[in-house]
Amino acid sequence: MYAAAITGHGVFTPENIITNDELVVAFNAYVDRFNTENVAKIDNGEVAAKAHSSAEFIHNASGIENRYVMDKEGVLDPARMYPKLDARADDAPSLMAEMGMKAAKKSLDMAGKSAADVDAILCAASNHERAYPAIAIEIQDLIGAGGFAFDMNVACSSATFGIQAAADMIKSGSIRSALVICPEICSAHLEWRDRDCHFIFGDVATAVLIERAEDAKGPHFEISSTRCATSFSNNIRNNNGFLRRTHDHMDDRRDMQFMQNGRKVFKEVLPLVSKHIADHMTAQNITADELKRLWLHQANKTMNDYIGKKVLGRVPENGEQPNILQDYANTSSAGSIIAFSQHSDDMAAGDHGLICSFGAGYSVGSVILRKAG
């Protein structure tokens, strides 16, 4: 058995930012347009009138202030309310692969390695732009890596599940290194016309390079332990897919975009995640006092604050449980890796940290790290 370690990490951030204020202006214009066009049905009780949103409502509900997106124009068009992403020719890089490639190169540069050193690539994400060929294989081709590649999807937990899969292969000796890449175009599956969720998601791509610890060229994080769990729930769901055309109705169905029962998710996921982390730490004989950093899934500030307090047994001190969702919003599988990438350089050798992601499925994955070098 070999020891596995994260030796490099990288984040690709789109150029376009949408602030809460900008989003609210567009959403409220859409609402006014909808209510005007449907005034007769609203008066007759056939259709419910839509209500305005506000920047204060968004921040209080989520802690989100901004989000990055691949396209801003389409999202902020009250007559459209979803991104404009041009179709690419089959011989051109796909958008998702291009994003993943940029994050991958940053992680390789950090580790002092090249694509020739990579044995496997896992594209672990919630939102894949096509069924096949695998985005991971396309990234493999774009960066010039050998070995093998495959896609995987465990929704918002895809990164931690991908890290476990890669680490297990490295520990067994079947490979020496792997890239776990999470390119998330969340803006394309979000229902921007729904007041309850129109502010939640943003776009980004992350990558981590995982290698045998003995191959690390500089400071790195040893992967001490990983743990994953799933439990089926319909409370977070998207019914879109290739079977859609086989249905009798092809109209603009609400269930073909992101949907969630937020209250049930809060009630059921918070204890699930808190217990998962606590059990994982207990199994590895790590106490709350020994845990220097919690890099949590970036879905909602209230959720993270609750989990941090539950795990540590107290209100986390500044920096112990860093949030990045105020800047990035929810980026699905990538969120916990952004937090890790931006808030790990200050850790000292021997310090322990824990990456945890959770979401649809339900799914929850945790990775315990120890700073080395």
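User: Where does Thr160 lie?
Analyst: In this predicted model, Thr160 lies in helix H6, which covers residues 158-172.

User: And is Thr160 buried or exposed?
Analyst: Thr160 counts as buried, because its relative accessibility is 0% and the cut-off for buried is under 20% relative accessible area.

User: What does the side chain of Thr160 reach?
Analyst: The side chain of Thr160 reaches the backbone oxygen of Ser157, at a distance of 3.1 Å.

User: Which residues does Thr160 touch, leaving out those up to four places away in sequence?
Analyst: With those left out, Thr160 touches Cys228, Ile355, Cys356 and Ser357, and also Gly365, Ser366 and Val367.

User: Switching to Arg293, where does that one lie?
Analyst: Arg293 lies in strand E11, which is made up of residues 291-296.

User: Buried or exposed, for Arg293?
Analyst: Arg293 is buried, since its relative accessible area is 10% and anything under 20% is counted that way.

User: Which side chain does the side chain of Arg293 make a polar contact with?
Analyst: The side chain of Arg293 makes a polar contact with the side chain of Asp346 at 3.1 Å, and a polar atom of the Arg293 side chain also lies 2.7 Å from the backbone oxygen of His343.

User: What else does Arg293 touch, not counting residues up to four places away in sequence?
Analyst: Besides His343 and Asp346, the residues that Arg293 touches include Gly319, Glu320, Pro322, Ser344, Met347 and His352.

User: How far apart are the C-alpha atoms of Arg293 and Asp351?
Analyst: The C-alpha atoms of Arg293 and Asp351 are separated by 8.5 Å, while the two residues are 58 residues apart along the chain.

Methods
Residues are numbered from 1 along each chain as its sequence is written. This is a predicted model: local features need pLDDT of at least 70, side-chain atom pairs count only at pLDDT 80 or more; totals for chains, interfaces and linings use all residues. Side-chain values use heavy atoms; hydrogens and water are left out. Helices (H or I, at least four residues) and strands (E, at least two) are DSSP runs, numbered from the N terminus. Buried means under 20% relative accessible area, exposed over 50%, partly exposed in between (1.4 Å probe, protein chains only). A polar contact is a pair of N or O atoms within 3.5 Å; within protein, one must be able to donate a hydrogen and the other to accept it, and residues adjacent in sequence count only if both atoms are side-chain atoms. Contact means heavy atoms within 4.5 Å.
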